[in-house]
There are 2 protein chains.
Amino acid sequence: MRTSTDRRRGYASGDARRERILHIATQEFAEHGYRGTSLARVAERAGLSQPGLLHHFRTKEQLLVAVLELRDQRDMERFFADEAAGGLDLLTALVRVVEHNSRTPELVRLFVVLTSEAVTADHPAQDWARARYERLRAWVADALRRAAGAGEVRPGLDADATAARIIALMDGLQTQWLLDPDAIDMPALFRAHIDELLATLRPRA
Amino acid sequence: MRTSTDRRRGYASGDARRERILHIATQEFAEHGYRGTSLARVAERAGLSQPGLLHHFRTKEQLLVAVLELRDQRDMERFFADEAAGGLDLLTALVRVVEHNSRTPELVRLFVVLTSEAVTADHPAQDWARARYERLRAWVADALRRAAGAGEVRPGLDADATAARIIALMDGLQTQWLLDPDAIDMPALFRAHIDELLATLRPRA
DNA sequence: GTCTATATAGCGATAGAC
DNA sequence: GTCTATCGCTATATAGAC
């Protein structure tokens with residue numbers, strides 16, 4: 001929460017501190033989950049006291065929400081800066097996303113941990129997780145439908161089902177990969193799936 | 001921990017109580033994860049005090065281990081009683097597993113929650129989760145290799161990669177399904193994947 | 001085998017001074 | 001905006017009586 005005094009002064013230090021807190025909180029939530037993360041530890045690593053931290057984020061839950069919002073925003077920027085992939089190009093763009101993910105395990109861990117923690121009772125990230133999946137599925141399904149409309153795809157494809165399965169595969173591979181990175185070549189496995197999918201999707205393939 | 005006194009008396013009540021504790025602990029771990037579960041609540045629901053609970057399981061971690069061991073054992077019994085599926089029959093058997101899972105959401109939740117919680121730092125279920133995936137992958141991959149040896153499958157199949165992808169899909173669908181059961185028809189989506197896989201696998205398909 | 005009582009520690013959040 | 005001090009609560013685990 002910025003005050004008008006901050007704003008008059010340019011609020012540089014306030015925003016920098018806020019950013020730093022969010023950065024560290026992201027790491028801690030990824031490492032220990034929401035329940036396993038302690039505000040005192042986040043505060044200590046950010047170089048302020050625990051009540052000092054709660055001056056910027058009134059509750060632990062608000063800190064989590066801020067972390068999730070920042071991540072969603074950054075991911076969107078990253079993807080749409082890459083390209084506005086319509087139709088089947090989206091699938092090869094997703095392969096690049098997975099390749100990028102394999103270089104940032106801590107962010108992958110954040111999503112895996114929080115998404116699954118969210119299926120427990122009364123978890124503050126529940127609505128976020130549900131909405132995120134809905135958005136992802138709709139996004140992939142729409143691209144498939146556009147591809148079908150453009151004749152890139154043989155008719156009879158169930159776009160929603162295919163979208164759900166692509167996302168499920170991405171997620172499932174992430175968990176196996178985080179637990180045993182040497183045994184699981186996540187990008188190769190995902191690429192193989194997309195390649196096979198494209199082979200069956202294309203008309204007269 | 002049974003004592004010799006229990007054993008002489010037939011230890012009926014002791015074992016029954018132990019079973020009851022494990023049953024309730026399974027539900028609690030599924031609902032709240034390991035970190036979110038309180039021994040006091042498990043004890044209360046089991047009808048004894050919290051130190052009374054710790055008489056049967058010396059630590060919270062040992063209670064978790066006992067729950068996981070019991071689940072693994074029950075699942076094995078269930079599957080191998082169903083049939084000893086070798087070769088490609090295993091894949092249709094997996095479809096039946098997913099159908100069964102869709103009728104026991106709480107057990108699915110247990111695995112989803114604990115497996116993902118296990119990717120956090122210093123989690124007591126980490127070794128269990130890693131070993132379980134290794135076992136599952138080897139099991140599916142071996143069946144695929146047997147199918148290839150019997151000529152059921154066209155040559156050139158990467159059994160390990162295919163196994164990892166099948167399991168990843170099962171897992172990813174579970175998460176989406178738990179968050180939004182009405183939007184995700186988990187068994188149908190998994191069956192569709194297996195059907196397509198079988199179509200590409202069979203020689204001259 | 002189970003209890004009460006308690007040790008010990010950590011948690012999130014608030015009050016109020018500066 | 002940040003601090004110290006503290007409240008109120010919950011947690012796991014132990015001691016010792018019965």
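Author: What follows describes the interface of chain B and chain A.

This is a predicted model, in which local features need pLDDT of at least 70 and side-chain atom pairs count only at pLDDT 80 or more, while totals for chains, interfaces and linings use all residues. Residues are numbered from 1 along each chain as its sequence is written, chains are lettered from A and ligands numbered from 1 in the order in which they are written, and side-chain values use heavy atoms, with hydrogens and water left out.

Begin with the extent of the interface. Chain B brings 41 residues to the contact, and chain A brings 41 residues; contact here means heavy atoms within 4.5 Å. The size of an interface is often given as the accessible area lost when the parts come together. Between chain B and chain A the buried area is about 3,400 Å², and carbon and sulfur atoms give 63% of that area. Buried area is the accessible area, taken with a 1.4 Å probe, that two parts lose on being put together, summed over both. Of the area that chain B buries against chain A, 23% comes from V119(B), R165(B) and L179(B), more than from any other three residues.

R165(B) also takes part in a salt bridge: its side chain meets that of E196(A) at 3.2 Å, N to O. A salt bridge is a side-chain nitrogen of Lys or Arg within 4 Å of a carboxyl oxygen of Asp or Glu, and the rule finds four of them across the interface of chain B and chain A.

Five helices of chain B each supply at least two residues of the side that touches chain A: α2 (12-32), α7 (105-117), α8 (126-149), α9 (159-179) and α10 (186-201). Helices are DSSP runs (H or I, at least four residues), numbered from the N terminus. The most comes from α9(B), with 13 residues. By type, the side of chain B that touches chain A holds 20 nonpolar, eleven polar and ten charged residues. Here Ala, Val, Leu, Ile, Met, Phe, Trp, Tyr, Cys and Pro count as nonpolar, Asp, Glu, Lys and Arg as charged, and the others, Gly among them, as polar.

Chain B is superposed on chain A by a rotation of 180 degrees with 0.0 Å of shift along its axis (RMSD 0.0 Å), which is the relation of a two-fold axis. The same surface serves both copies, since 100% of the contact residues of chain B recur in chain A. The superposition is by least squares on the C-alpha atoms of residues with pLDDT of at least 70 in both copies.
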